[in-house]
Amino acid sequence: MEIAKKFKNTFSTVPMLSWLLGTLTAVAIEYFWGYDYISYYLGLSKIPVLFGALIMLKEPMMIPGAIGYDLIVYVIPILLIAKTTAFFTNPVAAILEKMPLWFSVILHLLLFYYTLHLWAGINDYRNIIVRLTLISIILTISINVINGYQGEFSCSHPGFMAIGAYVSSALTLFLFANDKMFGTALLPQELGPWGFPFILIAGGIAASLGSLLVAIPSFKTRGDYLAIISLAFMFIVKSAVENLNVIGGARGMGGQPEYAPLPIIFIWTIICIWVIHNFVTSIMGKALNAVRDDEAASESMTVKTRKTKMTAFMFGAFWAGIAGGLFAHVIAYINPGMFSINRLAEILAMVYFGGLNSIVGSIVGAVSINILGEALRPLELFKWIIIPLILIFVMIFRPYGLISFKEINAKRLLRSKHKREQGV
Amino acid sequence: MRKITVLIIVALAFALAFSSPAFSARKTVIKIGINAPMTGDIPKVGEGSKYAALLWLEDIEKAGGLEVGGKKYEVELVIEDNESKAESAVKANMKMITQDDVLAIVGPQSSKQAVPAGEVANKYKTVMISPWSTNPATTMDRPYVFRGCFLDPFQGPVVANFITEEFGYTKAAVLYDVASDYPKGLAEVFKAAWEKKHGAGSVVAYESFTTKDTDFSSQLTKIVKSGAQVLFTPQYYNEVPLIVQQAKDLGWKGPIVGSDSWGSAETVELCGEACYGLYFSSHYAAAGAKGATKAFIDRYTENYGYIPDDVAALTWDALKLAQQAIQDSGKITGRIEKDRAAVRDSLAKIKNFAGITGNMTFTEEGDPIKCAVIVKINDNGEYEFYKSSCP
């Protein structure tokens, strides 16, 4: 504990900018020397993809090597650079504080993206994990709007995702790709990447229209009843797709062009976080929380409960549709079985693990479940014992998830941490 | 602060001291990836694939490595679990190709995973042999993707012909899972073949259910009432016993015929005597096998305590194919991209490969031309060779 306290003290003056610089340095070290020198002298056959987790679990003999690698490449450079650059990043952060917030946020995001891009660029396996994790983040945040902020228990998210995935795949295949299902492309293929955002939005809109099917009959119901209606909706979507041979039925739909590389998904994720953050902190968001806590009371306080609930539901479904569209274009194959009860369990696990009513919580939940799922891959069956166990413990000790009821405060996150200057 | 420094130094010292291969050069190891469903819906399939692969590795190790161009190379298996999920199969393939540097991949078994995973393998120009996937899309327009089994458009007519010749029936019923790609495809192909033979309307009942259903009584009642003489149900081992037992309870007297998905060892174990005397089309028959097939079956049974199902046999063949392709490529350069391309070229050239599931020659698409076997479940619950049908 003494060490932890000291550690916290030492690094309390480090601003976010320094941490990002430190991470960038670490990734740069890995990029330039990781394969040729560091992993070579540690006896590793390659750069460990997920901080050595895969190697450690597969070959216990390699544990020291992998830990050594993590220390040399990540821990030491990050801490060192973060601490040593604090002397100039603090004034920089102070200057940025005086500028508009968006400028500072974009600057930080660019730096973060560059780091992520470099890290994921080292290995394509990392790349696909990062892409799928980002998609999970969109999914988790969007379900948090319904299950967290609105306080319902909706199970139809995989259904919304399926609608988004199928609508956007059908559109891209129809418009921009030569395939067996819809024949030759209607539009020149070069236009594809430019048309993709509109296609995704169309998928999102289709999903939110689909959500009306759940929202309208479930106006008067809450809790368990809504859960059952939404669960039914999920199965309806799945069976409908299975029986629609035009879009492949149970065989699925494949051959989507690769319109979803890392930068595109990253931009969508940031837009999603930003828009949902604004939504839940707006008056509508407050109304949503009021409806969650007491519907009758909020009704009497002039909150239009019906409209609020509908908007939130459609809004969450829209983002699930976007996530579905991105997912379809990453895997380049979808079948109705993908959007079933397993997916629901995964989404619910991410949102309840991370934390209700919190965007940060959703991000934490999505990232940790995804990374855990990948890192424990060598354990095969035991993976499915360990992850549920962790979930159970989280539910026992933190019933609302790891980080719940907390909002992002960009200003606070990015501010300068020089105590003397602030006179603390 | 000092404590941390000390800790880090100690850790580093440990790291260097214990990583025995430290400072040694990276040597060329031939790695073969196995992408199998170890967890999820059909773990038995994953287990069969894994065991067959382990037996294969044992052979290679006994021989002191795989000999390519006069030099022996150490072989390593990379077994990845695809959780019976498409995205997990994609990730597993990506991991094996970019991280583990595998020379060839065997798997995934089900088409649901093999179709998207094949996309990855083809994109990264790595040979992938799916032993069990019957969906045409798996290998279509993918020069690097091959398969070890025949396709549904071949199997459907085989079953239809067999029933006609064996029993002389003209009215058939079909019960299949509409939510699963393989049964649905096969049911359609069978229906088309049957109606071509006996005229439109000769499939008197065409009933479906959805994955994880366990009660088939309403569909089976319709089938019994329809006056069908034979029931065709291309389902997996977890559904076949339920279907067969419920059909018998509802008064079904005719034969029930299945497809290669019945071939798992579990089918008879779960079904018991109700399944004795039934027929299905398959890749190979365990009882009454001869030669190399028998040797494989005996070894497998001895090691793992049960008779290998067709997945294990096909996986074995796929591995043998990969082995021969690697040996035929003549040289391992250590430059993985080049080696992978060489393996692909020699695999496409293989002619009349003598596998334990029959002789194979690949078509342009990477699909093998091989015979199907009609298997009878005999009174001891063994899968007995009954007839063979070649294209």
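Predicted model: local features only at pLDDT ≥ 70, side-chain atom pairs only at ≥ 80, totals over all residues.
Residues are numbered from 1 along each chain as its sequence is written, chains are lettered from A and ligands numbered from 1 in the order in which they are written, and side-chain values use heavy atoms, without hydrogens and water.

Chain B contains 12 helices and 16 strands, assigned as DSSP runs (helices H or I, at least four residues; strands E, at least two) numbered from the N terminus. Its radius of gyration is 23 Å, close to the 21 Å that the globule rule gives for 391 residues, so chain B is as compact as a globular protein of that length. The radius is taken over C-alpha atoms, and the rule is 2.2 Å times the number of residues to the power 0.38.

| Property of chain B | Value |
|---|---|
| Box filled by C-alpha atoms, along the principal axes | roughly 80 × 55 × 40 Å |
| Share of buried residues among the 391 residues | 58% |

Buried here means under 20% relative accessible area (1.4 Å probe, protein chains only).

At the interface, 54 residues of chain A are in contact with 55 residues of chain B, contact being heavy atoms within 4.5 Å. In chain A, A:Arg251, A:Arg377 and A:Glu380 lose the most area to chain B, together 15% of what that side buries. Buried area is the accessible area (1.4 Å probe) that two parts lose on being put together, summed over both.

Key
Buried < 20%, exposed > 50% of the residue type's maximum accessible area, 1.4 Å probe, protein only.
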